Amino acid sequence: MDIATTQKPEAAPETAREPAIEARGLVKRFDDTLAVDGVDIIVPRGSITGILGPNGAGKTTTLRMLLGIIDPDEGMRRVLGHENPRDVARLIGYLPEERGLYPSMKAVDAIAFMGALRGLSLPEGRKRGRELLEDYGLRHAADKQIRHLSKGMAQIVQLLGTLVHDPQLVILDEPFSGLDAINQGKLEVLIRSLADKGVTVIFSTHVIAHAERLCEGIAIIAGGKVPFAGRVDEARDRIPAQVRLETSANEGPWRAALPASARRSGKFWQFPLPESGIEPLLRALIDGNAGILSLSIERAGLHDAFVAIAGEAAAASLVATSTGEMAA
Amino acid sequence: MSVRDTAGRLSLWRAAYVVARRDFTAILLSRAFIFFLLGPLFPIAVAVLAGGAGAQVQSEAAAANVGIAMSAEDSAAMIEARDQLTRQVGNVIPAFVALDHGPEFDPEEVLEGREGRLAAIVTGTLAAPELTAPPGNLARWNGTVSLIATNAANSASGAGPPAYPEVRNTSVTTSGASENRGRYQTAQGGQLLLFLLIMLLASMVLSNLVEEKGNKIIEILAAAVPMDAVFMGKLFAMLAISLVGIVVWGSVGTAGLLMTGRSLSEFANPGVGWPLFFTLGAIYFGMGYLLLGSVFLAVGSMAATVREVQTLAMPVTMAQVLVFFFATIAMTQTGSAIEYASIIFPLSSPFAMLARAAVDEAVWPHVIALAWQAVCVALFIHAGATLFRKRVMKAGSQGSGKSSRSLKMLLSGLFSAGSDKRA
């Protein structure tokens with residue numbers, strides 16, 4: 001399945017209209033373990049896409065294949081118009097899940113070194129590094145050794161190192177992991193600002209809230225497969241909206257208008273929005289003297305969609321991972 | 001210029017330079033570098049102390065006396081004759097001490113009673129001396145006692161001490177035997193120095209990689225530049241560090257030689273001459289280090305913890321010690337199949353060829369050997385990097401393996417490295 005989010009204007013050049021990432025049928029085995037089993041993903045340029053899934057689902061392996069760190073056993077991938085991601089390595093920024101910096105390096109030098117790995121000269125990398133640190137409110141940390149920074153600050157430094165060479169595509173593996181709430185908020189702002197500049201951002205996460213707030217498209221990955229890839233709205237639409245009804249009358253002819261799946265929870269009736277819409281139902285309730293006290297239509301959240309698509313087990317694992325991380 | 005040139009990964013050499021520059025600067029500016037420079041002092045100090053202590057112990061152990069239990073006149077004549085002979089031949093004859101003895105004196109009982117430092121006892125007369133000693137000493141001192149007794153008898157009879165003719169000396173700079181012995185000593189010394197330096201550096205590069213894995217930075221490197229470049233960068237950074245060390249150590253050594261008024265001309269001239277020998281020594285050091293370092297890097301890439309590194313590195317270290325002994329044995333068998341085997345086997349080749357440079361004048365074999373070693377270095381680095389890519393970059397599995405699993409991975413990876421389809 002493809003993620004079909006807003007495309008660039010038709011007047012844009014051919015390369016700009018090409019998706020930033022197009023992968024079909026990616027398969028990766030490690031010895032006897034099938035880590036990724038036929039993943040299809042299309043990520044439009046300039047979009048923010050989240051890869052959602054519990055630990056061990058195959059997120060990191062998928063990202064590593066898209067980056068060219070490892071090659072798929074089967075399938076094709078096209079990144080920024082090239083079949084070999086290594087041919088556009090300097091246009092990509094990557095933040096791995098396992099954060100790492102040299103403890104004895106100064107923050108600005110760490111950023112410059114990461115830029116040098118992507119072709120920037122050291123002086124240019126240092127200059128841009130200072131600018132980025134200043135923009136991010138970390139000017140005071142520029143000349144401090146990494147070992148003297150807090151874990152969150154070091155993580156931000158690494159993220160800035162990922163961006164120092166002005167990449168067109170930024171791939172972030174669990175970027176929110178290990179950050180406090182304030183820095184998570186800052187990171188969300190940063191990701192949005194990247195997308196505003198036309199940078200394509202793809203990140204993996206097991207925290208649904210981040211994907212829900214940031215992403216236009218998501219790919220749900222579980223057990224090495226992608227049961228859903230598309231717009232967030234489409235994922236939500238997999239589950240019909242829920243009607244929540246409170247009536248003054250307990251019994252009456254109006255009860256026949258409720259669908260068979262309606263369940264009573266306290267003083268409320270809950271049931272999926274009928275395919276015929278809300279108006280025929282409203283009419284039947286009024287005509288049947290239900291005495292409507294309140295009626296609301298609640299659209300399904302991404303979590304409900306995830307449960308519906310990936311299954312209860314994957315959702316439980318996702319929640320357990322998130323809860324464990326928050327507790328830590 | 002293609003998109004790949006401007007947007008693709010850095011070239012192998014440029015990427016290796018970026019990695020090497022960082023490592024070189026980081027190590028050079030670290031406190032550990034001071035310890036690295038001081039490193040050779042420790043084995044030298046240990047060797048000097050151990051040598052001094054050993055000599056002292058040997059000297060003490062060798063200070064055995066020969067007891068003389070003859071008549072008072074004979075004993076005095078024997079001791080006088082011994083002292084006179086010692087002045088001619090040097091301090092190779094044990095000291096003679098006169099023993100108090102009565103008619104009941106039993107030399108066997110005295111020796112077996114392990115009294116004092118007596119190694120042998122001479123009884124009887126000057127005309128018929130009798131030597132009592134353990135079998136080894138009997139064989140060694142029989143002739144000496146006979147000679148000394150003859151001289152003593154001559155002196156006692158009034159014939160006076162023997163007139164030893166004065167030998168006229170003609171000095172030559174060397175001889176075939178001493179040159180040969182000196183060259184082998186140079187070869188052995190060169191091999192030992194090479195081995196110690198290579199082991200020191202290979203361990204350092206291994207620690208460096210483990211630290212890198214601990215810092216979790218390896219994936220950033222792997223994503224940005226070819227893994228071969230990471231390995232090459234690390235190896236060449238450490239090589240550059242070692243060259244700095246060699247310059248420092250060489251300068252200190254030269255200064256030491258000059259201060260003690262000695263020069264290289266006192267030592268046996270190597271087959272290829274000192275300048276080329278030093279040059280080849282530096283090159284073989286580089287090759288040997290790159291070969292062993294790349295093996296250690298492959299091992300390091302397999303290991304997730306320091307304990308795993310120790311477990312995996314130990315067999316490699318032991319194997320390298322065996323390889324060193326192999327090259328040492330091969331050195332003494334010039335032109336044999338063993339020597340050729342040690343030259344062809346990549347890990348022993350630098351040692352074997354350095355030894356050859358010390359004992360043989362031919363230069364062309366070094367050209368061929370260096371070319372072969374360069375090919376092996378490239379193959380080893382590529383195999384190590386391939387192994388790393390194939391076996392280590394598994395999501396979620398890094399650091400979770402047991403040592404036995406890592407070793408299995410290392411072996412299976414080595415044998416399947418060539419089948420990786422990655423460019």
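Mentor: Quick ground rule: two strands pair if DSSP finds at least two bridges between them. Helices (H or I, at least four residues) and strands (E, at least two) are DSSP runs, numbered from the N terminus. This is a predicted model, where local features need pLDDT of at least 70 and side-chain atom pairs count only at pLDDT 80 or more, while totals for chains, interfaces and linings use all residues. Residues are numbered from 1 along each chain as its sequence is written, and chains are lettered from A and ligands numbered from 1 in the order in which they are written.

Trainee: Got it. In what order do the 6 strands of the open sheet in chain A stand?

Mentor: The pairing in that sheet is mixed. Read across the open sheet of chain A, the order is E5-E6-E7-E3-E8-E9.

Trainee: Let's zoom in on E3 and E8 of chain A. Which residue in E8(A) is the bridge partner of Ile51(A)?

Mentor: Strands E3 (residues 48-52) and E8 (residues 217-222) of chain A run parallel and are joined by 4 bridges. In that pairing, Thr49(A) has Gly217(A) as its partner. For Ile51(A), the partner is Ala219(A).

Trainee: And which helix packs on the sheet touching E3, E6 and E7 of chain A?

Mentor: Contact here means that the C-beta atoms of two residues, placed from the backbone, lie within 7 Å. Helix H2 (residues 59-67) of chain A touches E3, E5, E6, E7 and E8, at about 155° to E6(A). The helix you want makes about 150° with E7(A), and this is H6 (residues 181-196) of chain A.

Trainee: How many residues of E8(A) are buried?

Mentor: A residue is buried if 20 or more other C-beta atoms lie within 10 Å of its own, exposed if 12 or fewer, and partly exposed in between, with C-beta atoms placed from the backbone. On one side of E8(A) sit Gly217(A), Ala219(A) and Ile221(A), on the other Ile218(A), Ile220(A) and Ala222(A), and both faces are covered. The buried count for E8(A) is 6 of 6.

Trainee: Which residue in the turn between E8(A) and E9(A) has a positive phi?

Mentor: These two strands pair in the antiparallel sense over 5 bridges. They form a hairpin with 2 residues between them. The turn residue, with a phi of about 60°, is Gly223(A).

Trainee: Over to chain B. How many degrees does the twist average from one strand to the next?

Mentor: Chain B has an open sheet of 4 strands in the order E2-E1-E3-E4, with mixed pairing. Strands E2 (95-98) and E4 (129-132) of chain B are at the edges with a single partner strand each, so one side of each has no neighbour in the sheet. From one strand to the next, the twist averages 30°.

Trainee: Are H5(B) and H7(B) roughly parallel or roughly perpendicular?

Mentor: Angles under 35 degrees count as roughly parallel, over 145 as roughly antiparallel, 65 to 115 as roughly perpendicular and the rest as oblique. H5(B) and H7(B) pack at about 115°, with axes 8 Å apart. That makes the pair roughly perpendicular.

Trainee: What about H2(B) and H10(B): how many nonpolar residues are in their contact?

Mentor: Their axes come within 7 Å and cross at roughly 40°, so the two helices are oblique to each other. For classes, Ala, Val, Leu, Ile, Met, Phe, Trp, Tyr, Cys and Pro count as nonpolar, Asp, Glu, Lys and Arg as charged, and the others, Gly among them, as polar. Besides 1 polar and 3 charged residues, the number of nonpolar ones in the contact of H2(B) with H10(B) is 16.

Trainee: Last one: which helix gives the most to the side of chain B that touches chain A?

Mentor: The contact takes 27 residues from chain B and 31 from chain A. Helices H1 (3-7), H2 (12-28) and H9 (218-224) of chain B each supply at least two residues of that side of chain B. With 6 residues, the one giving the most is H9(B).

Technical notes:
Axes are lines fitted to C-alpha atoms, for helices over the stretch in contact, and angles run from 0 to 180 degrees between N-to-C directions.
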